[in-house]
Amino acid sequence: MRTTVALPFNAGLDRATGSYAVDPSALTDARNVSYREGRWFVRPPLGTPITTLSDVVVAELFVFRAKALMVKVVYNPTSGAVTVYTCNLQGENDTLIGAWDTLASGALSPPRFVGAEAEGLFFLAHDEPDVTKRMTTQTFDGTNLAALQADLDGGGAEDIKFRGVCTHLSYLWGWGFGSDSDPDRPEVLRSSNAGDPAVFTNVNYQLIGVVGEPILSMGLTAGGAVVQKEIETHLHLGTNRLDFDAMLIDDKFGAMTARLAVSVGDTRYFWSAHGPRATTGAASVDLALPLELQAKLPAGLPTGGDVAHGWAEYDQDVRQVLFAFPDFGANRTLMYVLNLRPSPKAPRWSYHVYPKALLCGRVTTVTTETALVSPGTASAVSFAGSQGASSASAVVGWTNNATVGDETVEIWVKPSAGSWTQSRTLPVSGTSQSTTITTGVTGSGSYDVAVRMKRRGNIAAGYESSDPTAWPAGAKASGSVVVIATPVLAAPVWSYPTPNELFTLSWSTPTAGCTVEVQRQITGDPFQPFTSSSYATIQTTAADATGTTDSVSTPQQKYYHGYRVRFAKDGVSGPWSNEVLCWRGPAIQPTGMSVLWNGVGGTSYTVAWVNAGAGELGTDVQELNPSTGGYEEIALSPSPGTSALVSPPLYAHCSVYANVTVHVMIFHLVTISGQTFWGAPVTAQGTGLC
Amino acid sequence: MPLLLGSGLTGSTYLLGSGPDDDGTPVEALIETDRVAPAGLSGEVVGYLAYLTLTATASVSGRLTPIVDDVVYDGVHGPDARVGFTVTAPANSRRQQQHVVLGLSCPLLIDGIEMGRLGLRGTWFQFRVETLGSIGAPVDGLALGELLGEGVSVDFDTVGTTNPILAGI
């Protein structure tokens, strides 16, 4: 009999329920998957780093909503330096804010941080159990870091070293610090002045639970804020200083660390000493049962790292609470993922495994409200137009002011007598930028340039007009562009109109009004390479010239001349032309040249050629010196022969039962107008078995 | 809503979903179903065919591994009875449900003639479904590939019925 069993992927992980009772659609392992209704899906990949800061670890990321940016706290494990950066809500454009402090020797490493935002300020606390090693709590206004200070013991304003901070009602709450004279008070919960989160007074504090047992976490629930210790949870009561109080609501379960707790709507999810739990302001409920944490993990699932460095976050996109445990030694992270979809009342677990030790994670929410933050502005705009290039361009530079890192920059340009064109749009980056523009820069002339910024369509006040003429002067600059064409130099023509040799040069039509600089170089060896540094200017022509001649008076030289030219105007030179070579003599050359090694074991070779029949007087035969790359004379025939026996060769040597290769160059000696010249050389090579 | 993740060993910040893999390592999913006993608590069945239903926007390879009476038929803990599958990329990058039929038995050949079939026989069956390598890119080249597991349906041939005593009947 055939039976069909359908197993929908519906129930999520359940490692606890016995086989007889378990939902058949449950899973005993669910790795790198998350759940939707009645199905699982593969989690998104990590991708490659979008930014990397050298020599540090990214210890914590916070969202600073009032400034629409992220606060990134990094730690240098070598130096112990803790530094604060900002970046945009997509994690890009790291901008250094400043040094916080150096981690004390013996402090928990990497360090942990807790942050909270209140009244346009962001507060950073060092979650270090030992108050003597704890760094001072910082306030950050989006631009500068400052130590949080208050007079909490009548001794004057001193640094405050909260272990954690939280915003609740119109107060900032900080815990784990008594005063400068009595700092180690882990049970103390202090509140700021209402609406003034950076101001703390001595009398505004509460003692939570057992004295000496540290407060580890504070967060919001439906019933109010909960303050948690390792095995206690207290509900914070009241709405102002007149009625603040705390009530123990759970004497068995608390949160292991501040970072291992996250509030989602009316529920606080946290990792207790017995695994994950949740509270809405009453006694917590157990979420750990399906994970069967007291049993071994499923086969092949890597273990997570120390709970001290665990962290929690809620990804509202996929309705998941993530409990992450990075393992630094193995460089990986195990996440316990609580899927709240479709209902938080029936959460389902899965595991995510990452091949990186992820020390922190933060969901950033880019909303319309954050987009309404005004973009920054540009100042110190500069325009450096191309001078002498064959095509027009300009380098525009500017300074970024009050940017949050996710703006776009618009570059507008116009010829002095023309109209504005938007030339480029690019993302803002760092404190100053420059870029090359070509659109709108069409040729020689004077130009105006203007720069403005946008944040998701928002434009800073004063920059709204589509006519940059109306923008503030500091966002504009002027400059000139000089375009000079690249010459095309034709092959020179040699002649001997006695008494001097003449090289006739010609080139393409210059840019109007340009003079032409002519340069030459000479090589003593016909095959010595020319180099740009060996050129020397021999003349500058009048404006608009298209050719010139070069006269020399030392005949009978085995030289090439190299030439190049460029156009110039008003002290600006354009690009160099192509280079051309010209033999200093007639183009009378032998043909049919061959090189024949004279037999196996031979010690000579024969060079043969066909004379050009132009009244040759003789032939010069030269052989390549392989070690120098130059040719050296081996035979000089005073009569116009057609072959030469070279015995012995200068450099070619016979190795029995191997091929021998010979490179030979020959010139003809001819007479023109009573003067002897060497004709242009010809080379050939021959190979023979030796 | 971007999920940004900071590396604890380097100064890198990652944006979840910004690339096709985990910084060079494929994201390989693995699920394992809980136990079912198709013929009852002490009955026995032979697996015949498994119908795996997946929904995908891109190509991906994977395999199904049967686990019978706690023996994993993966070639390591028991004989290798794993069956590979490949999901093809939809032509339009829209989610497309695909059914993969996976044989759970093999023919017994004598002189080249199939004289019977060999299958996995037992009481408690589980199935492990894994993806192998990264999910491919959708044909439109815009978004990351997506793979959703819907369920697995398995045909069994009953070869022994429940022992009433063991079943407590």
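Student: Why is B:Asp22 called buried?
Tutor: Its relative accessible area is 1%. Buried means under 20%, exposed means over 50%, and partly exposed lies in between (1.4 Å probe, protein chains only). So B:Asp22 is buried.

Student: What kind of model is this?
Tutor: This is a predicted model, where local features need pLDDT of at least 70, side-chain atom pairs count only at pLDDT 80 or more, and totals for chains, interfaces and linings use all residues. Residues are numbered from 1 along each chain as its sequence is written, chains are lettered from A and ligands numbered from 1 in the order in which they are written, and side-chain values use heavy atoms, with hydrogens and water left out.

Student: What makes B:Asp22 and A:Arg43 a salt bridge?
Tutor: Their closest N and O atoms are 2.4 Å apart. A salt bridge needs a side-chain nitrogen of Lys or Arg within 4 Å of a carboxyl oxygen of Asp or Glu, so the pair qualifies. The pair crosses between chains: B:Asp22 sits in the loop between β2 (12-15) and β3 (30-33) of chain B, and A:Arg43 in the loop between β4 and β5 (51-52) of chain A. Strands such as these are DSSP runs (E, at least two residues), numbered from the N terminus.

Student: Is A:Arg43 buried or exposed?
Tutor: A:Arg43 is buried, because its relative accessible area is 2%.

Student: Which residues form a salt bridge with N to O at 3.2 Å?
Tutor: A:Asp182 and A:Arg185 do. A:Asp182 has 33% relative accessibility, so it counts as partly exposed. A:Arg185 is also partly exposed, at 24%.

Student: How do you know that A:Arg584 and A:Glu501 form a salt bridge?
Tutor: Their closest N and O atoms are 3.1 Å apart, and the limit is 4 Å. This pair links distant parts of the chain, 83 residues apart. A:Arg584 is in the loop between β48 (580-583) and β49 (591-597), while A:Glu501 is in strand β42 (501-506). A:Arg584 counts as buried at 5%, and A:Glu501 counts as buried at 1%.

Student: Why is A:Asp570 called exposed?
Tutor: Its relative accessibility is 74%, so it passes the cut-off of over 50%. A:Asp570 lies in the loop between β46 (560-569) and β47 (572-573) of chain A. A:Asp570 is not a glycine, yet it has a positive phi of about 50°.

Student: What volume does the largest pocket have?
Tutor: About 930 Å³. Among its 34 lining residues, the closest to its centre are A:Gly115, A:Val262, A:Arg268, A:Glu313 and A:Arg362. A pocket is an open set of points on a 1 Å grid over the protein atoms alone, where a 1.4 Å probe fits, with protein on both sides within 12 Å along at least five of seven lines; lining residues have an atom within 4 Å of a point. The volume is the space filled by probe spheres set on the points.

Student: Which strand gives the most to the lining of the largest pocket?
Tutor: β10(A) does, with five residues.

Student: How many residues line the second largest pocket?
Tutor: There are 32, and A:Arg43 is one of the closest to its centre. B:Gly17 and B:Leu144 are also among the closest. This pocket holds about 600 Å³ of space.

Conventions: Helices (H or I, at least four residues) and strands (E, at least two) are DSSP runs, numbered from the N terminus.
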